Amino acid sequence: MLANDAASAALGIRAIELGDGTAKLAMTVSGRMVNGHGIGHGGYVFLLADTAFACACNRHGSVTVAAQAEIDFIAPVHEGDELVAEAVERVRFGRSGIYDITVRRGAEVVAEFRGRSRTLKPNGADPAPEG
């Protein structure tokens with residue numbers, strides 16, 4: 001999946017380690033990722049964490065997508081920072097899962113992300129909601 005992810009490739013996101021229900025990815029904050037306050041735009045930090053989430057939840061073989069995600073920004077990031085996002089599967093139940101992703105700059109935690117996944121049916125689509 002990551003090999004076909006044009007958005008992540010354009011940002012230089014690279015895999016460090018991939019496993020069943022886990023992923024560790026890295027990205028360097030470029031000058032194009034800095035916002036008007038001179039710090040890394042949170043959207044890019046979210047995107048890195050979301051990509052690690054996607055890699056972790058798609059390692060089981062079925063097409064899995066995000067159902068919900070949230071992020072807590074702990075510390076600002078800056079141009080030149082090397083960020084590492086580490087995703088860990090917490091639980092899978094039915095076609096759903098919960099994943100925690102920690103984004104670090106070295107040993108410092110800069111963001112915590114939680115994603116909830118949904119595995120699609122074999123035809124690639126969930127049925128329309130009832131009601």
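A residue is called buried when its relative accessible area is under 20%, exposed when this is over 50%, and partly exposed in between, using a 1.4 Å probe and protein chains only. The views below show a predicted model, in which local features need pLDDT of at least 70 and side-chain atom pairs count only at pLDDT 80 or more, while totals for chains, interfaces and linings use all residues. Residues are numbered from 1 along each chain as its sequence is written, and side-chain values use heavy atoms, with hydrogens and water left out.

**View 1. Helix H2 and its buried residues.** Helices (H or I, at least four residues) and strands (E, at least two) are DSSP runs numbered from the N terminus. Within H2, the buried residues are Val45, Leu48, Ala49, Thr51, Ala52, Phe53, Cys55, Ala56 and Cys57. The expected span of a helix is 1.5 Å times one less than its number of residues, so the 16 residues of H2 should span 22 Å, and this agrees with the 22 Å between its end C-alpha atoms.

View 2. Two strands count as paired if DSSP finds at least two bridges between them. The strands follow the order E1-E2-E4-E5-E6-E3 in an open sheet, and the pairing is antiparallel. Because E1 and strand E3 (64-73) stand at the edges with a single partner strand each, one side of each has no neighbour in the sheet.

**View 3. The hairpin of E1 and E2.** Strand E1 (residues 14-19) and strand E2 (residues 22-28) run antiparallel and are joined by 5 bridges, with Arg14 standing opposite Ala26 in E2. There are 2 residues between the strands of this hairpin, where Gly21 takes a positive phi near 75°.

**View 4. The pairing of E5 and E6.** These two strands pair in the antiparallel sense over 10 bridges, and Gly97 stands opposite Ser117 in E6.

**View 5. The largest nonpolar core.** Such a core is a set of buried Ala, Val, Leu, Ile, Met, Phe, Trp, Tyr and Cys residues joined through side-chain atoms within 4.5 Å. The largest one has 28 residues, and those with the most contacts inside it are Leu25, Met27, Val45, Leu48, Leu83, Ile101 and Val103. H2 gives the most to this core, with 8 residues. If neighbours within four places in sequence are left aside, Val45 is in contact (heavy atoms within 4.5 Å) with Ile71, Phe73, Val77, Leu83, Val103 and Ala111.
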